[in-house]
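Please look over the model shown here before reading the points.

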Amino acid sequence: KKKKKKKSNMQLNQIKVQNEKETRAGFGDGILEIGHENDQVVVLTADLAGSLKLGPFIKAFPNRFVQCGIAEANMIGIAAGMTIGGKIPYTTTFANFSTGRVYDQIRQSVAYSNKNVKI
């Protein structure tokens with residue numbers, strides 16, 4: 001005999017917000033924290049510094065930030081090259097842009113040679 005699953009009667013307006021920080025602000029705070037912990041961390045972005053809340057990182061570490069423009073594939077290649085000098089690059093863009101057209105660059109420049117690039 002199959003048991004019926006209970007249906008939730010919770011309504012959207014019943015959800016209580018615990019912390020009002022948006023996800024992107026948490027991302028920006030996390031990148032800043034990592035930057036303080038390790039001076040080899042560099043951040044690259046594909047023209048999304050504002051959207052990804054990278055301002056505090058840029059202010060704290062202007063020499064460890066690279067604006068790549070709307071060129072995600074190039075950003076991955078730049079990041080891969082930076083690892084050769086011991087840097088730990090974090091590439092920042094929206095998820096669909098970091099996985100779509102840049103697949104070849106990730107495979108060829110990062111994955112095959114096991115580069116320490118954070119995507």
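The points below go from the sheet to the helix and then to one residue.

1. This is a predicted model, in which local features need pLDDT of at least 70 and side-chain atom pairs count only at pLDDT 80 or more, while totals for chains, interfaces and linings use all residues. Residues are numbered from 1 along each chain as its sequence is written, and side-chain values use heavy atoms, with hydrogens and water left out.

2. An open sheet is formed by 3 strands in the order β2-β1-β3, with parallel pairing (strands are DSSP runs of E, at least two residues; helices are runs of H or I, at least four; both are numbered from the N terminus; strands pair if DSSP finds at least two bridges between them). The edge strands, β2 (65-67) and β3, each pair on one side only. Strand β1 (residues 41-45) pairs with β2 over 3 bridges, and L44 has V66 of β2 as its bridge partner.

3. Helix α3 (residues 72-84) packs on the sheet and touches β1, β2 and β3 (contact means heavy atoms within 4.5 Å). In α3, E72, M75, I76, A79, A80 and T83 are buried (under 20% relative accessible area, with exposed over 50% and partly exposed in between; 1.4 Å probe, protein chains only). These residues are on the same side of α3 because they cover an arc of only 135° around the axis (taken from the directions from the helix axis to the C-beta atoms). N74 and I84, on the other side of α3, are exposed.

4. T92 lies in strand β3 (residues 88-92). Why does T92 count as buried? Its relative accessibility is 1%. Beyond neighbours within four places in sequence, T92 contacts residues including F27, L44 and M75.

Definitions and conventions. Axes are lines fitted to C-alpha atoms, for helices over the stretch in contact, and angles run from 0 to 180 degrees between N-to-C directions.
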